[in-house]
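Please open the structure in a viewer and keep the selection tool at hand.

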Amino acid sequence: MAEILVLVDHVDGEVKKVTFELLTLARRHGDAAAVWVGPGYEGAKDKLAEYGAAKVYVAADEELTSYVVAPKAELLAQLVADRSPAAVLVAATGEGKEIAGRLAVKIDSGVLTDVVDVADGFVGEHSIFGGAIVSHAKVSKGTPIIAVRPNSTAPEAAPSSPAEEQVSVTLSDAAKAAKVVEKVVQEKGERPELTEAAIVVSGGRGVGGADNFKLIEELADSLGAAVGASRAATDAGWYPHTFQVGQTGKTVSPQLYIAVGISGAIQHRAGMQTSKTIVAINKDPEAPIFELVDYGIVGDLFQVAPQLTEEITKRK
Ligand SMILES: Cc1cc2nc3c(=O)[nH]c(=O)nc-3n(C[C@H](O)[C@H](O)[C@H](O)COP(=O)(O)OP(=O)(O)OC[C@H]3O[C@@H](n4cnc5c(N)ncnc54)[C@H](O)[C@@H]3O)c2cc1C
């Protein structure tokens with residue numbers, strides 16, 4: 001089977017969940033060949049094997065991560081030229097999309113970004129206008145480069161024993177134009193990261209104020225969940241913007257999404273509608289969110305949320 005290159009998204013050796021999603025997707029269309037860039041591979045290799053990498057190209061040279069983005073595109077361009085993969089998959093993050101664009105220019109190929117699924121023949125599926133329309137697109141020139149949205153594929157383990165191959169690239173001067181001078185690790189709270197959490201509890205305008213968000217946090221903590229918020233809540237300054245779910249916020253796809261005091265505007269749906277099970281608590285039985293849910297609770301969140309927290313806590 002043809003190789004499909006998967007650029008591993010990791011931070012100092014800690015592999016991001018999206019990489020396992022990309023490996024899962026790649027295995028459906030060929031042999032998944034992970035591309036590791038920078039130090040830290042030894043601590044991460046078991047994870048790549050767990051999710052079915054048939055091969056790992058290891059470019060461990062620290063220089064490759066000392067400059068912003070460009071070296072990764074140069075390395076991938078060299079691998080495409082040497083190995084002729086069937087496609088290249090990257091995460092549709094800010095960095096991933098920039099790498100995809102640079103790579104496309106270097107190898108004279110087409111690129112698809114924000115893809116949510118890949119069908120036979122490397123046809124990319126896009127969910128647009130807040131999920132109201134699904135479109136399909138195909139690269140018509142060169143090796144398809146596909147940037148896939150995090151959380152759009154459920155990662156499936158498929159243990160393998162990947163072959164390893166050390167690779168390197170001689171960087172051009174242009175690739176060294178912007179040097180990383182400092183890295184600051186964001187403080188991690190007790191709660192799981194929003195885009196990687198299995199359960200997300202989000203609060204909206206119905207929560208009514210910053211202080212009331214503790215109801216959302218308590219419910220989330222009883223479930224070991226991440227906290228999210230609608231834009232109405234973040235714009236009001238009740239919760240930080242980094243927790244906004246939706247078209248202009250984060251895209252989440254947890255096993256369970258609980259929307260509390262959120263009406264279900266199309267822009268909010270765009271960031272959570274692929275969640276496996278959706279629950280809403282809303283006092284308005286006509287709220288559009290109820291069109292989307294698996295379970296709906298019509299009621300006042302100030303009564304329902306604390307009761308839910310109490311019941312869940314009792315069962316632990
Ligand atoms: C370009 C653009 C991008 C956008 N991007 C995003 C985005 O990324 N994410 C996002 O969320 N929005 C986004 N929006 C905004 C979006 O259109 C909505 O305005 C927003 O999602 C509404 O948030 P909400 O549901 O919390 O508030 P509302 O629509 O005001 O809904 C509040 C809900 O709370 C319920 N409620 C009130 N009190 C209680 C109570 N005591 N108990 C139970 N329920 C109660 C009400 O019945 C109501 O349904 C965007 C808009 C635009 C134009």
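**First stop: helix α3**

Helix α3 is mostly covered, with 10 of its 14 residues buried. Please bear in mind throughout that the model is predicted. To display the helix, select residues 70-83. From its first C-alpha to its last, α3 reaches 20 Å, close to the 20 Å expected at 1.5 Å a residue.

Next, colour the buried positions of α3: Ala-70, Pro-71, Lys-72, Ala-73, Glu-74, Leu-75, Leu-76, Ala-77, Leu-79 and Val-80. What covers these residues? The cover includes the strands β1 (3-7), β4 (31-37), β5 (55-59) and β6 (87-91), together with helix α4 (94-107). Finally, move to Ser-84, which follows α3 and has a positive phi, near 45 degrees.

**Second stop: the ligand**

- Arg-205 places a polar side-chain atom 2.6 Å from an oxygen atom of the ligand.
- His-268 has a polar side-chain atom 2.9 Å from an oxygen atom of the ligand.
- Asp-300 has a polar side-chain atom 3.0 Å from a nitrogen atom of the ligand.

On its own, the ligand has 980 Å² of accessible area, and the protein covers 75% of it.

A search of the whole structure finds 4 aromatic pairs. Begin by selecting Phe-20 and Tyr-51: their ring centres lie 4.3 Å apart and their planes meet at 20 degrees, so the pair is stacked. Where in the chain do the two partners of this pair lie? Phe-20 belongs to helix α1 (residues 17-27), whereas Tyr-51 lies in the loop between α2 (45-50) and β5; the two are 31 residues apart, and the pair links distant parts of the chain. Phe-20 is buried because its relative accessible area is 8%, and Tyr-51 is buried as well, with a relative accessible area of 14%.

Now select Tyr-239 and Phe-243. Their ring centres are 5.2 Å apart and their planes stand at 65 degrees, so this pair is edge-to-face. Are these two residues buried or partly exposed? Tyr-239 is buried, at a relative accessible area of 10%, whereas Phe-243, at 29% relative accessibility, counts as partly exposed.

Note on methods:
Residues numbered from 1 in each chain as written. Predicted model: local features only at pLDDT ≥ 70, side-chain atom pairs only at ≥ 80, totals over all residues. Heavy atoms only, no water. Helix = DSSP H or I, 4+ residues; strand = E, 2+ residues; numbered from the N terminus. Expected span 1.5 Å × (residues − 1). Buried < 20%, exposed > 50% of the residue type's maximum accessible area, 1.4 Å probe, protein only. Contact = heavy atoms within 4.5 Å. Polar contact = N/O pair within 3.5 Å; in protein donor to acceptor, adjacent residues only side chain to side chain. Areas by Shrake-Rupley, 256 points an atom, 1.4 Å probe, with all protein chains shown as cover. Phe/Tyr/Trp six-rings, centres within 6.5 Å; stacked < 30°, edge-to-face > 60°.
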